[in-house]
Amino acid sequence: MSVQSAAADVDVDLRQLFASLGRNWLRILVFVLVVTGLAFAAASFATRHYKAQTQVEIAPRESVYTRPASSNPDSDKPILDEQGVATQVQIISSNEILKQVAQKLGLSRLSEFDETINMSSLSRVLILLGLKNDPMDVPADERVLKKMREKLNVYGVEKTRIIAIEFSSEDPKLAAAIPDAIAAAYIAGQGAAKSESNTAAADFLAPEIADLSKQVRDAEAKVAAYRAQSDLLIGGNNSTLATQQLAELSTELSRVRANRAAAEGTAESVRKALQNGGSLDSLPEVLSSDLIQRLRERQVELRANIADLSTTLLDNHPRIRAAKSQLADLDAQIRSEAQKIMKGLAMQADAAKSRENQLVADVNTLKAASAQAGEQQVGLDALQRDAAAKRQQLELYLTNYREAASRQDRNYVPVDARIASPASVPSEPYFPKVGPIVGAAAAASLLLAAVFTLLRELFSGRAMRPASGARLEPIDEVAMSPAAYQEPSNRLEPAIADEFANRASEASRPKTVAQTPAQPQPAAEVEPVAKAEPAAEPESLAKPEPVAKPEPMAEPEPVVEVRRPRSVLGEIDVEKAAEKLIASGAARAIFVSPEGDEAAASAILVAREVSDAGLRVLLLDLTASGAASRPMLDSGLFPGITNLLASQAQFSDVIHADLYSDCHVIPVGTADPVRAMRAADRLPIIMQSLTTAYDLVVVECGPADAQGISRLGGEATEVFLSMLEADDEVTQAAVKLIESGYPDLTLVTPLGHEPPGNPVPGRRSAA
């Protein structure tokens, strides 16, 4: 965004906007009073409606004293979840119950429920003209039910087992009588349904019990006869004797086999250790021997003694040789004792093997007997299951029959519902509420009138004012001769261009330097005057938007003399470079620093100057060492452009704020530069995105050539060459850039730059 476009913006004058409410207060007040009066009249003459509510609790009414002791305590509980309560809500609002209530209270004789009674003349005319349906075409019962449903509201109270029955009517007594009658009809219907169910159950169970009693006797007789014929003796755990003995022998056989396997495995481990000369310390049976433990302790003492003697005697000394001989004898004794342990384990394994063979023979004998008993047990189990099932069914039928018969005889049918709160006659109507209606009408009318007034003021343009440029800080301008602004592009002087051409003639002859227009060299010592305008100004700065008019002063400020270095190659300072970017409305500024990292200070200072002027500025550091971003972030460990090119970060991760200004910066980054440069073709897309988001994108390229900065260019691009000293390196770099298609190249130097006023230390310093 350029300065010209920013000056054309407008802001909303909030003071002028809200002042329109005060100017139109009478119109707003009249509108509010009219709407409030109409609402009060409508609420006062409206028909009064009264509402009453009856609450029904859905819960089991059976007690522990009336419930049979043998039955399940939870068997009589109804479904009390959300679906169960919702089902009862539908039953309460069913047509059957509403018809009973309407017939009991005679609602069909009331004009409130039947519009055919006392029909108005207007309704009759509308019916004759066909603009309204004739209610006489609908049966009377349906007309009453329709009106009742319009006034009835049945719902389950959230997170409870309470069903609320609400009814509204023009008669307060009727509003309370109807929900009570609906609740009473619902409870009576539930009781009748339970009574009918008990009677049907008793009639069904009586003949079934007689048949089952005979079947149970026959089944039990068959079981007794089969058991006596098969000679099936029952032992412990309700199993045959042969099966029980087989199980015991199988358990003993498993234990003997486990002991044998353990003894054989231990003996084999000791045998391998003795044969291979391995260590016997890991065998629990060897370590548990008291003799071996004492021999081990003696070994430890001898080894300690040998170690002590070795400190003063040689290995062939008689005492050391004697100690080693004793140590060898102890090892032989330990191995001999281990062989004895191995023989003992082998004998245990042989004994376990003999016991195992005997048990296997006994198990095989019992298997045959158990198999025969198992075949006979199959038939017996079938007869027992049949007899048990019939007896269980008979007991269940007897229990249910006794309960149903007792309830039928005593006419005891507890209903799983009760009226928790009967309806009371309402004393005040629920509609219309005059106070809330009038208050809501007054508030709504006031809000609508205020919004309409504000929108009209806003669309009329009277509440708009030019955007303030107070954020722009004044830039010290240097008083120069009128010829200094003859060409706003700041091209090189003819003499300097000839010098560039002569120095680069050996490599290639420049074609654009000779055509560079003349620009006089500024004086070595100048006196900056606050806001001094040059004699001839570029068109973009001829009529700038006024930023902040200075107050008239009684006495003029004294002119402070500041000495700046003399321009050698036609370079400009940081302030002039910032002025040029602002005046031209440039979107991109590319800085080339052939002298290395120290010259990168120009890009930093220019970016901060433009940012201080109120523009959104971002500096992109493309140097190898991070010379442009490190002074702005005080570190080089932030993610940056290499991370973005390597797809390791997003824009929000690589954009950081300058610690000393409002400028933003994208550092070099921490990713692998080789991997990042593989995606260098994405640089134009990245530059386009940054140009869209920022007013100016400053790119520090370091000692790059024309081919290196070709991907960074675009519309409204200015190219700068940063210099510290006027040497051959700077001259050759300038000539090459001009020859490569950048004739408007501008030289800028950070030398002699002083922040205006008393800035915070480090605010505009590049280092």
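This short talk walks through one predicted protein model, from the whole chain down to single residues.

Let's start with the overall picture. The protein chain has 767 residues, and 37% of them are buried. Its secondary structure comes to 22 helices and 15 strands. The accessible surface is about 44,200 Å², and carbon and sulfur atoms hold 54% of that.

Next, the inside. In soluble globular proteins, nonpolar side chains tend to be buried together. Here, the largest nonpolar core has 34 residues. Which members touch the most others? They are Ile641, Ile709, Leu721, Leu737 and Leu745. Several elements give two or more residues to this core, among them strand E9, strand E14 and helices H18, H21 and H22. The largest share comes from H22, with five residues.

So let's look at H22. This helix covers residues 728-739, twelve in total. From first C-alpha to last, H22 reaches 16 Å, close to the 16 Å expected. Its buried residues are Val730, Thr731, Ala733, Ala734, Val735, Leu737 and Ile738. Keep an eye on Leu737. Setting aside neighbours within four places in sequence, what is Leu737 in contact with? The list is Val592, Asp705, Ala706, Ile709, Leu721, Tyr742 and Leu745. Just after H22 comes Gly741, with a positive phi of about 110°.

Now the outside. There is a nonpolar patch on the surface. Trp25, Leu26, Leu29, Val30, Leu33, Val34 and Leu38 form this patch. Together they have about 720 Å² of accessible area. One of them, Leu26, lies in helix H3, which spans residues 25-45.

Most residues other than glycine have a negative phi, and most peptide bonds are trans.

First stop: Phe431 to Pro432. That peptide bond is cis, with omega near -5°. Pro432 sits in the loop between strand E5 and helix H13.

Second stop: Asp634. Its phi is near 60°, a positive value in a residue that is not glycine. Asp634 is in the loop between helices H17 and H18. Buried or partly exposed? Asp634 counts as partly exposed, because its relative accessibility is 47%.

Ala716 lies in the loop between E13 and E14. With a relative accessible area of 40%, Ala716 is partly exposed too.

Terms used
Residues are numbered from 1 along each chain as its sequence is written. This is a predicted model: local features need pLDDT of at least 70, side-chain atom pairs count only at pLDDT 80 or more; totals for chains, interfaces and linings use all residues. Side-chain values use heavy atoms; hydrogens and water are left out. Helices (H or I, at least four residues) and strands (E, at least two) are DSSP runs, numbered from the N terminus. The expected span of a helix is 1.5 Å times one less than its number of residues. Buried means under 20% relative accessible area, exposed over 50%, partly exposed in between (1.4 Å probe, protein chains only). Patches are made of residues with over 30% relative accessible area and no salt bridge: like charges are joined within 9 Å, nonpolar side chains (Val, Leu, Ile, Met, Phe, Trp, Tyr) within 5 Å. Accessible areas come from the Shrake-Rupley method with a 1.4 Å probe; for residues, only the protein chains shown count as cover. A salt bridge is a side-chain nitrogen of Lys or Arg within 4 Å of a carboxyl oxygen of Asp or Glu. A nonpolar core is a set of buried Ala, Val, Leu, Ile, Met, Phe, Trp, Tyr and Cys residues joined through side-chain atoms within 4.5 Å. Contact means heavy atoms within 4.5 Å.
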